[in-house]
Amino acid sequence: MSVVSEAFARIVGESGFAGLTGGNIVMLLVAFVLLYLAIGRGFEPLLLIPIAFGCLLANLPLSGITSGPVLDALGNETQAGGFLYYMSFGTVKEIYPVIIFMGIGAMTDFTPLLANPITFLLGAAAQLGVFIALFGAMMLGFSVQEAASIAIIGGADGPTSIYLCSKLAPQILGAVAVASYSYMSLVPLIQPPIIKLCTSKADRAITMDKLRPVSKLERILFPIVVTVVTGLILPMSVPLIGVLMFGNLLRECGCADRLSDTAQNAIMNTTTIFLSLTVGATMEADKFLTLGTIKIIVLGLIAFMASTAGGCWFGQILKGLSGGKINPMIGAAGVSAVPMAARVVQVVCQKENPGHFLLMHAMGPNVAGVIGTAVAAAVMLTLLSH
């Protein structure tokens with residue numbers, strides 16, 4: 001009996017219950033809420049499900065799934081680390097975000113932007129929240145590198161946030177990544193009230209003219225020209241913009257359909273799983289439940305809201321300059337949550353003018369926002385990484 005008792009006592013002592021803390025319980029509840037939002041409410045399940053499950057895995061005590069390897073005095077590995085520890089290599093070393101940009105490029109149709117190039121300006125205006133959050137974070141005591149990493153959340157671009165943060169402030173990567181992806185998922189809840197606040201009922205009912213046709217030559221030249229121009233002006237933009245445009249060239253050239261399909265589906269889906277799981281795994285209770293995390297989440301929300309408002313305000317300017325031909329709502333799509341932000345604009349538009357389809361007009365600033373956020377990140381890297 002003593003042997004049985006000792007074995008039972010050892011099993012109990014080494015169970016997860018023995019190491020369970022109040023922080024673990026809180027984070028497990030957070031994971032359950034995220035799973036409910038993803039599965040029960042349909043909020044970006046492709047992102048939130050692996051993020052939530054990564055959070056769940058990381059907060060099951062004593063599993064070792066996020067633990068690093070055990071080293072001896074000479075630095076030799078005597079015990080391997082956990083699965084998510086090694087999986088996070090692609091996140092920490094900026095591999096996953098760049099690969100996802102290739103997939104985004106292959107999935108993105110830049111035709112609405114080429115058909116109405118003025119929407120480039122809306123994508124730029126929607127970066128307002130980035131700079132508001134930058135100064136706000138510095139006022140709250142974050143270093144300028146940390147502030148820049150927090151501010152980029154305003155662009156609603158998870159891969160860019162991770163890419164910039166891993167280079168400038170890896171110590172806050174978990175909170176920044178989770179905030180960024182969470183706000184991307186909650187675009188349908190956050191944006192409509194801001195759009196209505198920044199536009200009138202008459203504004204939202206404005207009907208825009210049909211977009212002009214865009215030739216195949218324009219679509220092929222666009223990714224090449226953008227890569228060269230941005231690469232020469234801002235070399236730091238090449239990993240994101242260059243790979244984004246490479247993916248788009250695969251889509252538009254017409255002779256690499258297999259590569260384009262692979263980038264859009266197999267590679268994109270696999271990398272999204274790995275990135276989202278490892279992002280969720282950064283939500284360990286002892287690292288995530290801090291005052292700094294709360295500040296980052298609040299600043300990220302302010303940045304995202306200000307970016308949405310900035311796009312609408314500039315849309316009002318373009319409405320005036322165009323003689324009322326531009327619906328200012330499309331400026332809200334200037335954040336780079338593609339295509340969620342454009343869909344939100346379409347939903348709001350349909351409520352005011354059921355017969356009008358604004359989706360393709362909103363896609364112009366939406367895809368411009370992807371470029372705008374990547375350029376903003378490159379500017380910050382150029383100024384702060386030396």
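The second largest pocket of this predicted model has a volume of about 490 Å³. Of the 24 residues that line this pocket, Gly174, Ala281, Thr282, Glu284 and Lys287 are the closest to its centre.

**Second largest pocket**

- Six helices each supply at least two residues of the lining of the second largest pocket: helix 5 (83-87), helix 6 (89-92), helix 13, helix 18, helix 19 (285-288) and helix 20 (291-321).
- Helix 13 provides the largest share of the lining of the second largest pocket, namely four residues.
- By class, the lining of the second largest pocket consists of 12 nonpolar, 10 polar and two charged residues.

**Largest pocket**

- The largest pocket holds about 820 Å³ of space.
- This pocket is lined by 33 residues, and those closest to its centre are Ile104, Met107, Met268, Val338 and Pro339.
- Helices that each supply at least two residues of the lining of the largest pocket are helix 4 (45-58), helix 7 (95-107), helix 12 (158-168), helix 13 (173-185), helix 18 (257-281), helix 21 (340-352) and helix 22 (359-384).
- With six residues, helix 18 gives the most to the lining of the largest pocket.
- The lining of the largest pocket is made up of 21 nonpolar, seven polar and five charged residues.

- Helix 11 spans residues 144-151 and is mostly covered, with six of its eight residues buried.
- The buried residues of helix 11 are Glu146, Ala147, Ala148, Ser149, Ile150 and Ala151.
- Among the elements that cover these buried residues are helix 10 (128-139), helix 12, helix 13, helix 20 and helix 22.

**The largest nonpolar core**

- In soluble globular proteins, nonpolar side chains tend to be buried together.
- The largest nonpolar core of this model has 112 residues, and Ile150 and Val345 are those with the most contacts inside it.
- Helix 22 gives the most to this core, contributing 12 residues.
- Ile150, a buried residue of helix 11, touches Ala137, Phe142, Ile172, Val176, Ile296 and Leu299, when residues up to four places away in sequence are not counted.

**Arg204, a buried residue**

- Arg204 is found in helix 15, which covers residues 201-204.
- Arg204 counts as buried because its relative accessibility is 8%, and the cut-off for buried is under 20%.
- The side chain of Arg204 reaches the backbone oxygen of Thr199 at 2.8 Å.
- A polar atom of the Arg204 side chain also lies 3.4 Å from the backbone oxygen of Lys196.
- Leaving aside neighbours within four places in sequence, Arg204 is in contact with Ile195, Lys196, Thr199, Asn327, Met329, Val348, Cys349 and Glu352.

**Ile294, an exposed residue**

- Ile294 counts as exposed because its relative accessibility is 52%, and the cut-off for exposed is over 50%.
- Ile294 and Ala179 are 115 residues apart in sequence, and their C-alpha atoms are 9.8 Å apart in space.

Note on methods:
Residues are numbered from 1 along each chain as its sequence is written. This is a predicted model: local features need pLDDT of at least 70, side-chain atom pairs count only at pLDDT 80 or more; totals for chains, interfaces and linings use all residues. Side-chain values use heavy atoms; hydrogens and water are left out. On a 1 Å grid over the protein atoms alone, a cavity is a set of points where a 1.4 Å probe fits but cannot get out, and a pocket is an open set with protein on both sides within 12 Å along at least five of seven lines; lining residues have an atom within 4 Å of a point. Grid points are joined across faces, edges and corners, and a volume is the space filled by probe spheres set on the points. Ala, Val, Leu, Ile, Met, Phe, Trp, Tyr, Cys and Pro count as nonpolar, Asp, Glu, Lys and Arg as charged, and the others, Gly among them, as polar. Buried means under 20% relative accessible area, exposed over 50%, partly exposed in between (1.4 Å probe, protein chains only). Contact means heavy atoms within 4.5 Å. A nonpolar core is a set of buried Ala, Val, Leu, Ile, Met, Phe, Trp, Tyr and Cys residues joined through side-chain atoms within 4.5 Å. A polar contact is a pair of N or O atoms within 3.5 Å; within protein, one must be able to donate a hydrogen and the other to accept it, and residues adjacent in sequence count only if both atoms are side-chain atoms.
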